[in-house]
Amino acid sequence: MVHETNLQHLIEAPHLAPALILGAALGGLIRYLLHTWLGPYKGTLTANITASLILGTQTTPPETYTTFLNNEQFYQQLTTHFFIATGLCVALSTWSTLARETGNLIDNHQTKQATTYLATTITLSLLAYHLGSILSLNS
């Protein structure tokens, strides 16, 4: 579901759609490469932690978000946000794959491994997001 504010920005600034599409293409490619290089579980873990870290850097809205919508600097920052947060991070993170992989472990009666994998992914992703937000505030 597209957030109403994001939809309004896409209507008012159609150049945001290509930024979103390019970010998603890059995020999907990186996720595919991680899965290929590291395998199913390590690749998914790495993708989710990386996406969380990057997303954390995007959580502090730029000061110009409070300016008028016709402000050029606002749209430049919004374009970057759509590319990184809405495109790249959404495509890079793979929570549905995490659910499938966890389910596979449970189906194979590897409950302890499933619990460890899920807890590790969620914990490290939350820590990565927090680190990203700290880095964002200090830049």
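1. H109 comes out as exposed, because its relative accessibility is 72% and the cut-off for exposed is over 50%. Keep in mind that this is a predicted model. H109 sits in the loop that links α5 (95-107) to α6 (111-137). Its backbone is worth a look too: phi is positive, about 60°, even though H109 is not a glycine. Most residues other than glycine have a negative phi.

2. Now the overall picture. The protein has six helices and zero strands, so reading from the N terminus you get α-α-α-α-α-α. Out of 139 residues, 33% count as buried. If you take the contacts with a separation of 6 or more, 75% of them are between residues 24 or more positions apart. The exposed surface comes to about 8600 Å², with carbon and sulfur atoms supplying 67% of that area.

3. Does the length of α3 agree or disagree with what its residue count predicts? Helix α3 covers residues 40-57, which makes 18 residues, and at 1.5 Å a residue it should span 26 Å. The C-alpha atoms at its ends are 26 Å apart, so the two values agree. As for burial within α3, the buried residues are G43, T44, L45, A47, N48, A51, S52 and G56.

4. Next, the aromatic rings. Searching the whole structure turns up one aromatic pair. The partners are Y41 and Y117, and the pair is edge-to-face because the ring planes meet at 80°, with the centres 5.1 Å apart; the cut-off for edge-to-face is over 60 degrees. Y41 belongs to helix α3 and Y117 to helix α6, so the pair ties together parts that are 76 residues apart in sequence.

5. W95, L118, I122 and L126 make it up, and its area is about 360 Å². Which element gives the largest share of the patch? That is α6, with three residues. L118 lies in α6 and is partly exposed, because its relative accessibility is 33%.

Definitions and conventions
Residues are numbered from 1 along each chain as its sequence is written. This is a predicted model: local features need pLDDT of at least 70, side-chain atom pairs count only at pLDDT 80 or more; totals for chains, interfaces and linings use all residues. Side-chain values use heavy atoms; hydrogens and water are left out. Helices (H or I, at least four residues) and strands (E, at least two) are DSSP runs, numbered from the N terminus. The expected span of a helix is 1.5 Å times one less than its number of residues. Buried means under 20% relative accessible area, exposed over 50%, partly exposed in between (1.4 Å probe, protein chains only). Contact means heavy atoms within 4.5 Å. Accessible areas come from the Shrake-Rupley method with a 1.4 Å probe; for residues, only the protein chains shown count as cover. Patches are made of residues with over 30% relative accessible area and no salt bridge: like charges are joined within 9 Å, nonpolar side chains (Val, Leu, Ile, Met, Phe, Trp, Tyr) within 5 Å. A salt bridge is a side-chain nitrogen of Lys or Arg within 4 Å of a carboxyl oxygen of Asp or Glu. Rings of Phe, Tyr and Trp (its six-membered ring) pair if their centres lie within 6.5 Å; planes under 30 degrees apart count as stacked, over 60 as edge-to-face and the rest as tilted.
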